[in-house]
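Trainee: I would like to go through some of the labels used for this structure. For each one, I want to hear what the label rests on.

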Amino acid sequence: MNTRIISISSVDGSFALAVNPKEVTVSSGAKLKTLELLNAGDIAMAGNRTLVKIAIQNTFLPSLDSPFYKGTPPDTILALMKKCRDAPLPVRIIISGTDINRQFWIETMEEKYVEGDKDPHVSWSFTEYRQTTVLPVASLAGKQTYAGLNQRAPAMQVPKSVTVKKGTTMWDLAKKYYGDGNRWKEIQAANGGINERKLQIGMVLVIP
């Protein structure tokens, strides 16, 4: 019996693991910046939080005739995961009993098929998805010397964003910015997979 519920969802479907792995690894940290001071040497300065990473190692997806089967065929789960990996689309991972309830990119997928066993064994790793309203800025060198003023990083272009008005649809936005309304899911994914029906007047949407 599982002591926790591990659920994974995207705009195209959702499932919960029927059999949890023995352990799930959640890792995060902080970026430390090394500064070199004249006549003092190196010092470490605390930086921003790094991206959360999750590793689900060596669990199996029960086949239809397995006593552990809980309603979602392995083929359906694998197809959904591969679609999100290749699109790419973020998935939301929720682990009960923890503070994990956020979106992630699928980083790696491994499948193992054992002779005589109908259940595919899988290992997945995920990296946190962060919704941003600015393009990432190239970092400066990890070590700086305070012998004078540092050069300012070049300004980066801010991506397009729009404010939702009455009648705004993602299809219309995709048609306007991409010339193809069928690309509306790219806008949906960039805004955390928000349901179009939940758009509210005044809400700001990122156009990736």
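Trainee: Why is Asn20 called buried?

Mentor: This is a predicted model, and the value is computed from it. Asn20 has a relative accessibility of 18%. Buried means under 20%, so Asn20 counts as buried.

Trainee: Where does Asn20 lie, and what does Asn20 touch?

Mentor: Asn20 lies in the loop between strand S2 (13-16) and strand S3 (24-27). Leaving out residues up to four places away in sequence, Asn20 touches Asn2, Arg4, Ile6 and Thr59.

Trainee: What makes the approach of the Asn20 side chain to the backbone oxygen of Arg4 a polar contact?

Mentor: The distance is 2.7 Å, and the cut-off for a pair of N or O atoms is within 3.5 Å. The pair must also be able to donate and accept a hydrogen.

Trainee: Why is Ile94 called partly exposed?

Mentor: Ile94 has a relative accessibility of 32%. Buried is under 20% and exposed is over 50%, with partly exposed in between, so Ile94 counts as partly exposed.

Trainee: Which residues does Ile94 touch?

Mentor: Ile94 lies in strand S7 (residues 91-95). Not counting residues up to four places away in sequence, Ile94 touches Ile5, Ile6, Ser7, Ile100 and Asn101. Ile94 and Ile5 are 89 residues apart in sequence and 7.8 Å apart in space, C-alpha to C-alpha.

Trainee: How do you know that the buried residues of helix H2 line one face?

Mentor: The buried residues of H2 (residues 170-178) are Met170, Leu173, Ala174 and Tyr178. Seen down the axis of H2, they fall within an arc of 100°, so they line one face of the helix. In general, an α-helix has 3.6 residues a turn, so residues three or four places apart point the same way.

Trainee: What do the buried residues of H2 pack against?

Mentor: They pack against strand S11 (160-163), helix H3 (184-190) and strand S12 (204-207). Just after H2, Gly179 takes a positive phi of about 75°.

Trainee: Which residues touch the most other members of the largest nonpolar core?

Mentor: That core has 25 residues, and those touching the most other members are Ile8, Phe15, Met81, Ile93, Trp124 and Phe126. Helix H1 gives the most to this core, with five residues. A second, separate core has 11 residues, including Val162, Met170, Ile187 and Ile207.

Trainee: Which residues is Phe126 in contact with?

Mentor: Leaving aside neighbours within four places in sequence, the contacts of Phe126 include Ile8, Met81, Ile93 and Trp105.

Notes: Residues numbered from 1 in each chain as written. Predicted model: local features only at pLDDT ≥ 70, side-chain atom pairs only at ≥ 80, totals over all residues. Heavy atoms only, no water. Buried < 20%, exposed > 50% of the residue type's maximum accessible area, 1.4 Å probe, protein only. Helix = DSSP H or I, 4+ residues; strand = E, 2+ residues; numbered from the N terminus. Arc of directions from axis to C-beta. Contact = heavy atoms within 4.5 Å. Core = buried A, V, L, I, M, F, W, Y, C linked by side-chain atoms within 4.5 Å.
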